[in-house]
Amino acid sequence: MKRMKVKRTIVANIFNPNVMKIMIMGLIWESTVGIFSRGERTEFEASDLECGSVDSSHYFTNGDNLGYSQVNHKRVSLDLWKLTSQKLIESFPLDPIKENYVRQVRDCIFSAVQPEPFKSAAKLVAVSKEVVEDLLDLDVSVTETKEFIQFVSGAQILPGSVPLAHRYGGHQFGVWAGQLGDGRAHLLGVYINRHGTRWELQLKGSGKTPYSRDGDGRAVLRSSIREFLCSEALNYLGIPTSRAASLVVSNDNVKRDQFYNGSVKNEKGAVVLRVAKSWFRFGSLEILAHSGETELLRTLVDFIIKQYFPFINATNSNRYLDFFSQVVTDTSYLIAHWMSVGFAHGVCNTDNFSVLSVTLDYGPFGFMDFYDPNFVPNTSDDEGRYKIGNQANVGRYNLDKLRKALTLLLDSKQQLSAEQILKDYPDLYHIKLMELFKAKLGLFGRDKNDDYLIKYLLKLMEDTRADFTMTFRQLSEITQQQLEAHSISEEYWALQDIARHTKFFHWVNLYLSRLNKNIVDSDEARRTRMQSINPRYILRNWMAESAIKKAEGNDFSEVHLLQKVLCYPFNKQTEAEEAGYSSHPPPWARELRVSCSS
């Protein structure tokens, strides 16, 4: 998230008529059933996953050589656990200026720059056991050591690590913002785990870099808690995302004007250790294209293709088209997954869109409570450019900017092909939308009236301001017999809300008629199936705010509770029920505001 406020303008709709389909379908939210083209985990797997556990017995290797425990194959100290920055440094020219000061940078992808340790002691307040143990091969006991805390707070650099800040640009709120880059993040290096999976580790909030502009290089506790919880929450919902390994906090004062109203306050500084397969984003390519650095752009795209898209022939003359086509498809699916759980990113700038189509850069995001296509989570977004109902359209806008960046690498015929690839985006989105949303309703097969059935329900939800998450969840829990009898008890409070609409039971009759067309299905099977994809718990703003308020008083109990609950979003949990996480949001939740200030 960028703290610099960019002048925002309303951008005219420059897209072809197909975009109207996106705008119409932006009123419909997609579900979490789809399988991403590169085999990302779906919610079915996430719902069955033991938080922080993995059976790694079939990955047995010599523990003496690798530093693994013979019992669990996880390293019990950081002594033999090593990162490497070698491939990144060898693949790209580094910024030749070694001094760390804000400046315009050219002819490189990264600047080498050290993190800035806190002046006061850093305290570890949250850890993702799954990320630490299953992705990074570390026994969770390592996180209790002083060495680990120094590492994840930026106070100690491990052997093999050369901290890097990435140079990129971006379109922010529809305006080209020029050079942006990692203004408060340091890429520590790459770790290849025992499964052979490559992970890039990055600190966020770890100090100034050449790309800090007028920022201080820090992140505050409130935004860091939100990022830590939400990146893990989306993962367990089956949505591709960066991960959060740890959260540390200090007593260093960080000055922030949270709502840009002149009220500057001291807040606690924090650092999140983030993990992703790559941090390259659309803006990584855009800055090179805008600067006319064509050969460096070619080098970067070739690297991305070879490293992350192995199914693309790296020597084929059409490889850049194949790459663009894959990103178009994957981006449409990612936004579909966001929509399926009512998630609004908040700042869908091109510098926040990943070339691997994973969710990056959590800032003023929000999960929708009641159904509202005009939901805007970011109070800094006065024009509602990034309202939830416009995310698919913005996805196409961002892909068009990526296409234009790639134009330097394409001949005239290929440029026309790229335009055609982008024209397919609305259909890709629409097809996935219907596939996923039908699954949310437990529907099998195809019926010509399915689109109508879905749109009808959403219109009823909009009219009654019915809770998005719990309407679908309670449709997953209520029996068909209860629906047939029009009997809705108090436990189904969201359905009671929507039942106030005079046409709701007409929709129910249409729905029951459609369910009867499911082949070889039972009501119990339907409910089980629907409950595995319609979450009972999401990270609502009021829940995050409650945890933040306690954490600001050094009570991290609710951060830990939310972390535990959100690992199992599809399972009913006693502690979550007692905390009201599946109840009507409290009245004060309506007054919550989240801005770009972080």
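Two strands count as paired if DSSP finds at least two bridges between them. The legends below describe close-up views of a predicted model.

**View 1. The pairing of strands β4 and β5.** Strand β4 covers residues 169-172 and strand β5 covers residues 175-179. The two run antiparallel and are joined over 3 bridges. Across from H171 is W176 in β5. A hairpin is formed by β4 and β5, with 2 residues between them. In the turn, F173 has a positive phi of about 55°.

**View 2. D137 in the loop between α5 and α6.** Helix α5 spans 129-135 and helix α6 spans 146-153. Most residues other than glycine have a negative phi. D137 is not a glycine, yet its phi is positive, at about 60°. Is D137 buried or exposed? The relative accessible area of D137 is 0%, and buried means under 20%, so D137 is buried.

**View 3. R213 in the loop between β7 and β8.** Strand β7 comprises 198-204 and strand β8 comprises 219-220. R213 has a positive phi of about 50° although it is not a glycine. With a relative accessibility of 23%, R213 is partly exposed.

**View 4. Helix α11, residues 391-406.** This helix contains 16 residues. From its first C-alpha to its last, α11 reaches 23 Å, close to the 22 Å expected at 1.5 Å a residue. Why is α11 described as largely enclosed by the rest of the structure? The reason is that 15 of its 16 residues are buried.

Conventions: Residues numbered from 1 in each chain as written. Predicted model: local features only at pLDDT ≥ 70, side-chain atom pairs only at ≥ 80, totals over all residues. Heavy atoms only, no water. Helix = DSSP H or I, 4+ residues; strand = E, 2+ residues; numbered from the N terminus. Buried < 20%, exposed > 50% of the residue type's maximum accessible area, 1.4 Å probe, protein only. Expected span 1.5 Å × (residues − 1).
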